[in-house]
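Please keep the sequence and the structure in view while reading.

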Amino acid sequence: MSNKRPVAVALAGALCLVTTACADSSTDKRAATGGKASAAAAKSGYPVTLENCGVSEKFTEEPSRVVVMNGASVAEASTLLSLGVGDRIVANQQSYGISEVTGRAKAIKALPTGNIKLNDAYDVPREAMIGLRPDLVLSTTSYGFDEKNGFATRDQLKQVGAGTYVSPQGCDQDTSKMTIADSYTLLRDMGRIFNVSDRAEKLIAASEKNIADVSAKVKGDKQPKVMILFSNMAMGGNDFSSVVAKGIYNDILARAGGSNAFASASKTSFADLSKEKVAATAVDALVVIGYNDPNPAAYAKKLLKEFPQWPAAKNNKYVALSDSMYLGPSNDLAVEKVAKMLHPDKF
């Protein structure tokens, strides 16, 4: 499987969100607002203190110069846009290229990049980061604050007045335990930091309702075996190295009335599989995720032709998705689209 985008190689090799299995994250442990705030501060919602990956982060006002690091994600940029605070971003390195949310990909593309010369991991190196004068830096995993990778550390950023935040399950750089609940944690934490908690809770409630409605429709039905993978992306040495084994994808799939055909193929988020292993597995349906691939559906069709013995090929069962299948504010859209593909008679 050829990799048509050089960025994928750097991201796959450098960012452990696609390869590493570690201990449980403590990102979502949030401490209550501390100290005796003045009446004015209390009214404004500040100060806000979050316990994030063992670091206590205190915000005395709304951040106005936010840098969003790459992390092979679009979760943080999408979350800020959904909360209506995208105008606080001074430099964004995230993009999936396409989105299930109308206008989202265009809005992300329109965000400023800071005109940074990126490092080998396609992210913001230390000197450039300091030069951006951020007051908040968001990273999908702690990789983005690792000094040995050439990044500014959380301490170094604190010294120049910048708060930092590692997204849920990113503390130990392990996304294999990620669930939809982590997307809600990200929304809630950003809601608190930017004093838009009401908006965050409305988004969460709407998502929960949509997912509950879909899950109720498919409950009790047989759960097809689904192969989830990223299109045209190489992450390992085998023909199929971007096959999902664990993580938020499986939570989405379960709510949509499906199960992962390769859940046991790896202890980490992704499995690195041979063509023979893939061919020998009965795949009932495909979910292809496009990461900066303009046509993941074409890749899905190619796979169905390559493995005509699959039930998925015989029944032409596939759906092409992007950002909704990963951490972020639109997981309910993925649940709905996957469920409609797997159980069309229920809708």
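Which residue in β6 is the bridge partner of L138? In this predicted model, the partner of L138 is Y165, and the strands concerned, β5 (residues 136-139) and β6, run parallel and are joined by four bridges.

These two strands belong to an open sheet of four strands, paired in parallel in the order β4-β3-β5-β6. Its edge strands are β4 (89-92) and β6, each of which pairs on one side only, and neighbouring strands are turned against each other by 15° on average, direction ignored. Helix α3 (residues 75-82) packs on this sheet, where it touches β3 (66-68), β4 and β5, while α7 lies across β5 and β6.

| Helix | Strand compared | Angle between directions |
|---|---|---|
| α3 | β3 | about 140° |
| α7 | β6 | about 170° |

The loop between β6 (163-166) and α7 (180-193) holds S176, which counts as buried because its relative accessibility is 12%, and buried means under 20%. The side chain of S176 makes a polar contact of 2.7 Å with that of D174.

Another parallel pair is formed by β11 (residues 285-289) and β12, joined by four bridges, with V288 having A320 as its partner in β12.

How values were computed:
Residues are numbered from 1 along each chain as its sequence is written. This is a predicted model: local features need pLDDT of at least 70, side-chain atom pairs count only at pLDDT 80 or more; totals for chains, interfaces and linings use all residues. Side-chain values use heavy atoms; hydrogens and water are left out. Two strands pair if DSSP finds at least two bridges between them. Buried means under 20% relative accessible area, exposed over 50%, partly exposed in between (1.4 Å probe, protein chains only). A polar contact is a pair of N or O atoms within 3.5 Å; within protein, one must be able to donate a hydrogen and the other to accept it, and residues adjacent in sequence count only if both atoms are side-chain atoms. Axes are lines fitted to C-alpha atoms, for helices over the stretch in contact, and angles run from 0 to 180 degrees between N-to-C directions. Contact means heavy atoms within 4.5 Å.
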